Amino acid sequence: MEAASDPSGEPRRRRPRYAGTHPRRFAEKYKERDPARYAETVEKVLASGKTPAGTHRPILVREVLEILALSPGDRVVDCTLGNGGHARAVLGRILPGGMLLGLDADPVELPRTVARLRAEGFGPESFQAVRTNHAALPRVLADSGFGPADALLADLGLSSMQIDDPERGFSFKADGPLDMRMHPGRALSAADWLRKVTAPELARALTENSDEPRAERLAQALAGRAFTRTRELADAIRAAFGRGPESERELAVRRVFQAIRIEVNGEFDALESLLRALPGCLAPGGRAVFLTFHSGEDRRVKRAFEAGLRAGVFDGGSGEVIRPSRGEQRENPRSAPAKLRWVRRAVDEARSASEG
Ligand SMILES: C[S@@+](CC[C@H](N)C(=O)[O-])C[C@H]1O[C@@H](n2cnc3c(N)ncnc32)[C@H](O)[C@@H]1O
């Protein structure tokens with residue numbers, strides 16, 4: 001910080017200079033994070049195809065609503081509440097008389113989302129939230145007396161709030177502590193996990209979780225090392241990448257971060273538990289929509305849905321994946337990798353098994 005002389009003889013401290021009209025650092029984006037006061041700034045950010053800091057743009061909302069075919073009085077579970085974008089759209093269809101149960105593993109963002117929805121007028125008679133891993137959904141439904149759902153949504157992965165906040169340690173674009181936990185304080189941080197992991201284990205994670213073609217080489221260079229900051233890890237990945245185009249090197253950084261995040265949060269175990277429990281959590285005729293963002297997620301959802309259709313547990317769903325339109329991808333580039341699949345719980349299980 002600069003010091004300037006003062007007639008009183010005391011050194012006068014200058015405020016840190018504002019970095020310009022287009023703040024780059026998350027901490028400087030205070031206007032975007034206060035939409036009520038700075039609506040114009042938020043509009044400009046949205047128009048440029050970016051996500052305003054501290055928010056999340058829900059994906060494929062129209063398609064989700066069409067598939068879920070909701071009516072007033074329906075009971076709906078949102079397994080990944082996030083910023084509440086899908087939840088708000090669902091609440092618009094199920095009131096009066098309906099109830100939305102929102103789950104999220106993240107103790108930092110969940111209270112903010114709940115406070116926002118409450119401020120918008122959704123009281124406990126129409127909206128309840130539980131901070132939990134969605135692997136625990138059957139227990140939550142039983143304990144809360146919510147019972148089987150008429151509709152269920154799982155919009156997997158991370159919210160933009162989590163990705164964009166360097167302090168959460170998910171971002172390879174901004175420096176921060178190498179954490180990556182959806183629930184900070186639970187289990188191992190990414191830094192602790194990397195320090196303990198062996199090269200073969202890391203190579204397996206890079207291949208299975210993000211289809212990384214240079215898995216062996218990168219695992220040899222990274223496993224067992226003590227990184228503390230996201231930038232340190234990103235630079236080490238770039239250094240270990242070897243020869244190749246810069247765009248490929250940056251993709252490798254993205255894939256390594258994704259693979260580590262999936263391990264640290266046990267994302268595939270949680271998804272598989274949810275998929276196993278899904279038929280028992282839906283009422284007959286109830287629909288479930290899953291939004292996935294990479295092949296490891298989509299493969300698991302596709303397999304579970306196909307097995308359920310063969311067994312007659314489900315009696316309908318999407319044959320092909322549904323993707324965001326070009327327009328949505330242009331307006332919200334983060335929607336580009338999304339794939340939507342859905343199924344319907346069989347009304348007459350015995351009949352749909354014999355037909356299938
Ligand atoms: C893509 S965001 C959901 C965004 C949300 N649909 C919206 O419109 O704002 C995914 C959310 O799921 C949560 N999440 C991811 N895995 C989870 C799990 N296993 N259990 C509970 N929540 C999870 C993340 O913390 C994150 O908030």
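This is a predicted model: local features need pLDDT of at least 70, side-chain atom pairs count only at pLDDT 80 or more; totals for chains, interfaces and linings use all residues.
Visitor: Why is L153 called buried?

Guide: Happy to show you! The cut-off for buried is 20 or more other C-beta atoms within 10 Å. L153 has 26 such neighbours, so L153 counts as buried. You will find L153 in strand 6, residues 149–155.

Visitor: What makes L153 and V289 a contact?

Guide: Contact requires C-beta atoms within 7 Å. V289 meets that, as do V64, D78, C79 and H86, leaving aside neighbours of L153 within four places in sequence. Take C79: its C-alpha atom is 6.0 Å from that of L153, though the two residues are 74 apart along the chain.

Visitor: Which residues have the most contacts inside the largest nonpolar core?

Guide: That core has 51 residues, and V76, C79, L100, L152, A288, V289 and L291 have the most contacts inside it. A second, separate core holds 31 residues, including F172 and F257.

Visitor: Now the helices. Why are helix 8 and helix 9 called oblique to each other?

Guide: Their axes cross at roughly 135°. Roughly perpendicular covers 65 to 115 degrees and roughly antiparallel starts over 145, so an angle between those ranges is oblique. Helix 8 and helix 9 are therefore oblique. The axes come within 8 Å, and the crossing is right-handed.

Visitor: Which residues of helix 8 meet helix 9?

Guide: A199, L202, A203, L206 and T207 do, facing partners in helix 9 that include L218 and L222.

Terms used: Residues are numbered from 1 along each chain as its sequence is written. A nonpolar core is a set of buried Ala, Val, Leu, Ile, Met, Phe, Trp, Tyr and Cys residues joined through C-beta atoms within 7 Å. A residue is buried if 20 or more other C-beta atoms lie within 10 Å of its own, exposed if 12 or fewer, and partly exposed in between; C-beta atoms are placed from the backbone. Helices (H or I, at least four residues) and strands (E, at least two) are DSSP runs, numbered from the N terminus. Two residues are in contact if their C-beta atoms, placed from the backbone, lie within 7 Å. Axes are lines fitted to C-alpha atoms, for helices over the stretch in contact, and angles run from 0 to 180 degrees between N-to-C directions. Angles under 35 degrees count as roughly parallel, over 145 as roughly antiparallel, 65 to 115 as roughly perpendicular and the rest as oblique. A crossing is left-handed if the near helix is turned anticlockwise from the far one by less than a right angle, and right-handed if clockwise.
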